[in-house]
Each structure stands twice: as C-alpha cells, then as structure tokens.
Amino acid sequence: MASVVQRAVIAGVLLVVCVVGPSGSARAQWQNLYPGFFQLAKPEVFDVFAFGGGYGNPKYGDAQEGIQADQSVTPYLGMVGRLTGYQLWVGDNYDNPLVPGNGHQERLNFGRIEGGVEFAVYPGTRLFVLGGHDVGDSDATVIEGDLSSWWMTHSRHPINFSFSAVHGYQNHVTSAEIDSRVVIASTEDYLFTAGVGGAIYQGGEIGNAQGQGGVDLGVYFRKWGFGLDAQSGYGTADGYGQLGFIKQWDFPE
Amino acid sequence: MTTGPASKVAGLWVVISVALAWLPNLTPVAWAQPVGTITQFSGAAELHRSGQIQNPALGTPVELHDQLTTLTDSSATVTLADNSTLSLSQLTTLVFDENIVTGGSRQKTLVGLLRGAVNCLITTAMSGGNPTFQINTPNAQVGVRGTDFETSYIESTARPGYEGCQRYTDVVVRKGVVVVTNLASPSVEVDVSGGYETTVPCFLPPLTAGPIGIGGVAAPPPAVGAPPSGRAPVKQ
C-alpha cells in the first residue's frame, strides 16, 4: 500500500512541476493541450450513471448493479463516487473465490463503495482513479483505474479503447477488463459499435495469467442516454457470455 | 428664372433624389416584412428593431433584419411561415438577414448566428433543387439540405489542440444533410449527415464529420466480465 501512496505522491509532484516549472514553448504547449487548466468548469456538470449487467460461464456467474455520480470541478478534473452491488454464484465443488480455502459457498453477496477522481486527459479520453472497500461477503480494500479513450473522433468510424483494472488487497489478485470497439454506424437515434474484448486476471494464488476474450456488440440510444453492450467468447473458464447496460443523466449547473 | 422643360426635369430629379435619399430610412417601417412569430418563450430577451430595443413575448412577430437575443436562463422559438422552427438557447443572438418568399413558399432564408446556439427544424429545406435555408456564423456558413440540426457559435473560449483559436462553430445534424464551410475557405465543403457533427475552428476548414457525442461523457458500460472478486473460482 505504501508503494502505491509513494507513487501517487511522486505523480502529484511531477504534475505540479509540469504545470508550474516549464517556461516558454513548454508552457505554451501545455496551454495548447489544457487551456484554462485551473479555471472552474463552466457550466459545471453533475452526471449520474446507473449501470448493471450479468455474466455467466460454466464455473460461475455474477450480476452487478450500481450507481455513479460525477461532479466536474475544472474542465479536466472531476470527483467521482460509485456504489456497486455484486451477486456471485459459484458452481458446485468450486472454492470461494473471495477468500480462497474457505470451501464452497453457492452464493456470495457484497457491495463495493468507491470514491476518487476523474481526469479528462484529452478530449474523448477519460481516466478514473478510484479507491474503496467491500462490504458483505467480501472484506477487500480495492484500488481501481478505468480508462476510456476515443480515437479518430472526426471520422465515420471512431475507435474506442477502454480498460477497467481492479486490484483487491484481500486476495491480492489484479483483474482487468479490456475492450476495443469501433463505431459501425451513427444515426439520429442510435450509435452502433462492434469490437473485441475480454478480461485478464493474475496475482495472489493465480500463478499464470488467466483470462478470456470474445466479440463485443453495443448500441447506444441517444434519446434515452441508454447503452447496451453484449459480449461472448471463450477463456480459462470455458465459454462465457455477458451483458451490460448504462443509463446516463446530465445535470448542468 | 427659367420655367422651361429643362428646369421641370431638373426639379423632378431633385424630388426623386431626395426621395431616394430618404428611402433607406423609411424601408424598415414602410417595408417591414414578417419572417415569423415567437411561438415559445421563457425568461427574458431583447428584440432589436430599427435601432430600438423591445421586450418580446409569446406571439410577437419577427420581421426582416430583426435581431433577437435571449438572456441568461432564457429560450425562444421562432416559427417561420412554413412552420419551420428556430429554437434559441440562452445567451443566443440571431439576426434575420434575408427572407425571400415567392407565391407563398420560401425561396431563401438567411439568418446570422452571432453567438450561442440555435436548433433548427426545417420543413422545406430545398426548393427547385436549391437550398432554401442558410445560417452564417462569424466564421462558418451552414447550408441546409436537411431538416433537423443545431448550430452553435462560441468565442473567447479555448479548446485543447487548437493553438490560439478561441472561436468555434459546432454543427450537430440529427436528420438530413447539412453542408458546412468556413467563410475564410468556402471551397472546402464538409457534408454532415444525420447522426454526425462537425466543428469549424477559427479560419480552419470544417473537421471531417464524426458521430454525435463521441468524445463527450458517453462511455461504454463499466466492465462486467472480469470476476468481481478478481479471481475465478477454482475446483476444490
């Protein structure tokens, strides 16, 4: 944990040095990339997201549902709070994945409370750095980094790359969902995406990295601010399928 | 003193000259041409007409050369004769520069967007193969072949990646096609179809159209695929 804090402090110092230290062309370049860096966002925006989904494979299945609130502070920085509930169904004769060695437990329920900051690294690229703790059947402290980045935004088929990496300090496993999608069509009402994605996890009692991968299809309903995403493929736990949704509300202040 | 035909002609010319000299002053009043009517209104606005400022209200007619400005937390919709609507967001200034109507149908309407955002729902975008509606901002020209689109113009605001540029025209098209050019380089046209948007930064040509909302806050749903525990169950 100490190393994580140290790295965060070093990153903060480097950020300050980058902003305050350079002069001349470097400062101009900074101004070009991040104009009005220290100004408050105008208008400020409060976003609320509801999200959920389900996942299944022959070994286990899970459902998750949650809510996330974002409050912009500057054009490039925001504060984030997220509450997520998880239900985990474990197949017969399989061990408790939360506390390995605890024996089989058919169902596990836990909640995850997280808070952190959101960085608008560049137009179309957002990075969330969150920390939190689980309650219920899991007692893990977690740290999470989520990135979503759109490329070629001014083209017919922009590409999105995203990852969501979580490290749990209870079983010392790091898991990451990594997806890449391309916009295949955009209309007045819908945005259709297609791509590939998967997950990878390693650490703790997992010796070699394990994971899965498959194809991904998504649709976003503009009028409702509602997105649906489906993925199916194959991996360590055999074939799998997953479905996720997100609903967004904007509240300009 | 001469009283012949020459002096009469000269006198006539004086009268005509004086009349012509006064004509521009009389034009706004004598030839006031209705363009539309305010059919939705909330908050406060200013209607500049013939050098005077009025406070418009629901039902106020809008005439050629009127300049309509919405104030903070205000909005207004102007419905044109063919039921096309122009919806002004807050802090928006729109000038009705040209309106040609022949036989009851609109041939050409030209409006100027000086600041803010206007959402247009155009019922008659084309007439005889020619576009009938056009919006000019201080740096862009938006020719309409479509029916539902939004144009906004902002200045004194910097955006990442456009060094030194502080004025932008954004065009979001929901239905139909809109042709966007920069007034500084009108030969470079970008067609924006429904579901896409573009931006005109300062004197640069319009950017290639991209899907609406990309780069905004809409992001793919949070991941659900990785085991929530970070570890898949293993056989006992």
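A residue counts as buried if 20 or more other C-beta atoms lie within 10 Å of its own, as exposed if 12 or fewer do, and as partly exposed in between. The model to which this rule is applied here is a predicted one.

Strand E6 of chain B, residues 75-80, shows the rule at work.

Strand E1 of chain B, residues 34-42, runs antiparallel to E6(B) and is joined to it by six bridges. One residue pair can be picked out here: B:Ser42 has B:Ser75 in E6(B) as its bridge partner. Strand E7 of chain B, residues 85-88, also pairs with E6(B) in the antiparallel sense, over four bridges. In this pairing B:Ala76 has B:Leu88 in E7(B) as its bridge partner. E6(B) and E7(B) make a hairpin, with four residues between the two strands. In the turn of that hairpin, B:Asn83 has a positive phi of about 70 degrees.

Most residues other than glycine have a negative phi. B:Ser156 is not a glycine, yet its phi is positive, at about 65 degrees. This residue is found in the loop between strand E14 (148-155) and E15 of chain B. Is B:Ser156 buried or exposed? B:Ser156 has 7 C-beta neighbours inside 10 Å and therefore counts as exposed. B:Cys202 is another residue other than glycine with a positive phi, near 45 degrees. The loop that holds B:Cys202 lies between strand E18 (196-201) and E19 of chain B. Because B:Cys202 has 16 C-beta neighbours inside 10 Å, it counts as partly exposed.

B:Glu46, in strand E2 (residues 45-49) of chain B, is the next stop. With 15 other C-beta atoms within 10 Å, B:Glu46 is partly exposed. If neighbours within four places in sequence are left aside, B:Glu46 is in contact with B:Ile53 and B:Thr69. B:Pro56 is ten residues from B:Glu46 in sequence, and the two are 6.4 Å apart in space, C-alpha to C-alpha.

Chain B also touches chain A. In this contact, 38 residues of chain B meet 73 residues of chain A. On the chain B side, the elements that give two or more residues are strand E15 (167-175) and strand E19 (210-211). By class, this side of chain B has 21 nonpolar, eleven polar and six charged residues.

Now to chain A as a whole. Along its principal axes, the C-alpha trace of chain A spans about 65 × 50 × 35 Å. What radius of gyration would a compact globule of 253 residues have? It would be near 18 Å, and the 20 Å of chain A agrees with that. Buried residues make up 32% of the 253 residues in chain A. Of the contacts in chain A with a separation of 6 or more, 45% are between residues 24 or more positions apart.

The average pLDDT is 85, and 90% of the residues score at least 70. Confidence is lowest in helix H1 (residues 2-20) of chain A, with a mean of 56, and highest in strand E5 (residues 125-136) of chain A, at 93.

E5(A) leads on to strand E6 of chain A. A hairpin through four residues joins the two strands, which run antiparallel and are linked by nine bridges. Within this pairing, A:Phe128 has A:Asp146 in E6(A) as its bridge partner. E6(A), residues 141-151, has a covered face and an uncovered one. The covered face is made up of A:Val142, A:Glu144, A:Asp146, A:Ser148 and A:Trp150, while the uncovered face includes A:Thr141, A:Ile143 and A:Trp151. E6(A) also pairs with strand E7 (residues 159-168) of chain A, in the antiparallel sense and over ten bridges. There, A:Ser148 stands opposite A:Ser162 in E7(A).

Key: Residues are numbered from 1 along each chain as its sequence is written. Chains are lettered from A and ligands numbered from 1 in the order in which they are written. This is a predicted model: local features need pLDDT of at least 70, side-chain atom pairs count only at pLDDT 80 or more; totals for chains, interfaces and linings use all residues. Two residues are in contact if their C-beta atoms, placed from the backbone, lie within 7 Å. Ala, Val, Leu, Ile, Met, Phe, Trp, Tyr, Cys and Pro count as nonpolar, Asp, Glu, Lys and Arg as charged, and the others, Gly among them, as polar. The radius of gyration is taken over C-alpha atoms; the globule rule is 2.2 Å times the number of residues to the power 0.38. Two strands pair if DSSP finds at least two bridges between them. pLDDT is the predictor's confidence in each residue, from 0 to 100.
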